[in-house]
Each structure stands twice: as structure tokens, then as C-alpha cells.
Amino acid sequence: GISAAFDGTSQISTGDVLQALPGTPPVLTVTFTKTGTFGYVCLFHPGMRGAVEVRAADAALPETPAQAKTRGQVTLGAIKAQAQALPSTIHPVSAGSVRTALAGAGNGNGASVLAFINGNQTIRRGDTVIWTQADPFELHTVTFTSGGTPPALIEPRPQPAGPPLLVIPASVAGPSGDAYAGTGIAHSGLLTYGNAWALRFDAPAGTYAYLCLLHPWMNGAITVSG
């Protein structure tokens, strides 16, 4: 990892660490040189945010590290339980040839459900499925690979000097189209909270698997019955 000093006036980021040490975990150790409360965010996940309160070295702490850990674990348990219950409260609808599903979900307490809800469906050829991104804390994709290798999420591009530039290709950032014939790549692009992607299935009968490129364990499958 890399160590950095922070006085509240300039930005520091693990993104800088990742580019400086490609192939290593992006670990950043920060030494705070001034007192105050300093917020931080994840640029990829807008709902991920926290704050560090820095007090003088001789100031009393409001709780011990053990107390803070216990409080955090209790809070985490409650929020996790809410997230686990969330999918059962969601009831996607269908109307005629249009079906709906969710690409992830989140609640107001910062919990995310990293799964496709109603993501496994059986439809008829010519039907359309609409995935809505329902998580304010994450980015997701809906990506059909037709059995091929998923596209690379990030491409390292060598530079004349310094570390490589890490780029999300345009073909990954944006959608591939609105129809799928069962071959090649069908891809939603990066879906942010509240946005959706509709895909019409012009594919022959069969089962077509898909995943989220950012969270590869998020999987679903659409079965075309004929």
C-alpha cells in the first residue's frame, strides 16, 4: 500500500494507489495532520460514504475501540437483516409481452442486495425484459455473453511515462442495443440508480445466462420457451 498525509485541503484517493501499484490491493494508510471531521466517499458507489473525526492527541475519546466495534457489529447485524428481507417485499410485474426485473436493490440504511431480483424468467420469443437498477449505492450491468468470455471491465493503456491509464471501454460503459438474437454480447452498459435497460429476445428456444460485470457472482438466466 501507500501512505499519505491529509490536512483537509487536498484530495487523496485509493484510485491513485491502484495506478501507482498495479496488481496490488489498493490499500491507503492516512495520517491526519489536523483536527476536524473529514468525510470520504467511494467514487464508484455514491452511497458509500463515511467520516473520520480527528481529535487532539490528548483529547478524551467518546468510546473505546472495543465499544465502537461492538456498536458497529450490532448496527451491521440489523442492517444486514433488513437487506436479507428486502427481496421478499419486491414484486415485479409483467404486462403482455413485457416483463420486469431488478438489477440489485438497496435500502435507506446503506444496505445493498447484490443479486438480480426476479432475474430468472421463462418468456416467449419476441418478449421484452426490462431491468431496473434499484440500488442507490452501487453500479450494475446486465450482460449476456452467449457462452463467451465476458468483456473486460477495465483496460490498462500504457502511457509514455508513469503508470498505465485505467479506462472503462465505451463498449462497456454504454449499451450494446435493445435486441438479442442469442449470439454475441448483449449488454446494458453501466446502470446507475433509477435507470433501466430493455431487451427484446429474438433468440431461439433455449436458456441464456447473464451476469453483472462489476459483481460476477450476480447471475440470472432467461429461458425462451419458443
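Which residues do ring pairs link into a cluster? Select Phe116, Trp131, Phe144, Tyr180, Trp197, Phe201, Tyr208 and Tyr210, and you have it on screen. Keep in mind that this is a predicted model. The structure as a whole holds 12 aromatic pairs.

Start with Trp131 and Trp197. Their rings are stacked, with 5.9 Å centre to centre and 25° between the planes. Now show the strands: Trp131 sits in β9 (residues 128–134) and Trp197 in β15 (residues 196–201), so this pair ties together parts that are 66 residues apart in sequence.

Next stop: Phe144 and Phe201. The ring centres are 5.6 Å apart and the planes are at 75°, so call this one edge-to-face. Again, distant parts of the chain are linked, with Phe144 in strand β10 and Phe201 in strand β15, 57 residues apart. Phe144 is buried, with a relative accessible area of 0%, and Phe201 is buried at 0% as well.

Strand β10 (residues 143–144) pairs with strand β16 (residues 206–211) in the antiparallel sense, over 2 bridges. Opposite Phe144 you'll find Tyr210, in β16.

Finally, zoom out to the sheet. It is open, has 5 strands in the order β8-β17-β16-β10-β14, and its pairing is mixed. Colour the edge strands, β8 (120–123) and β14 (186–187): each pairs on one side only.

How values were computed. Residues numbered from 1 in each chain as written. Predicted model: local features only at pLDDT ≥ 70, side-chain atom pairs only at ≥ 80, totals over all residues. Heavy atoms only, no water. Pairing = 2+ DSSP bridges. Helix = DSSP H or I, 4+ residues; strand = E, 2+ residues; numbered from the N terminus. Phe/Tyr/Trp six-rings, centres within 6.5 Å; stacked < 30°, edge-to-face > 60°. Buried < 20%, exposed > 50% of the residue type's maximum accessible area, 1.4 Å probe, protein only.
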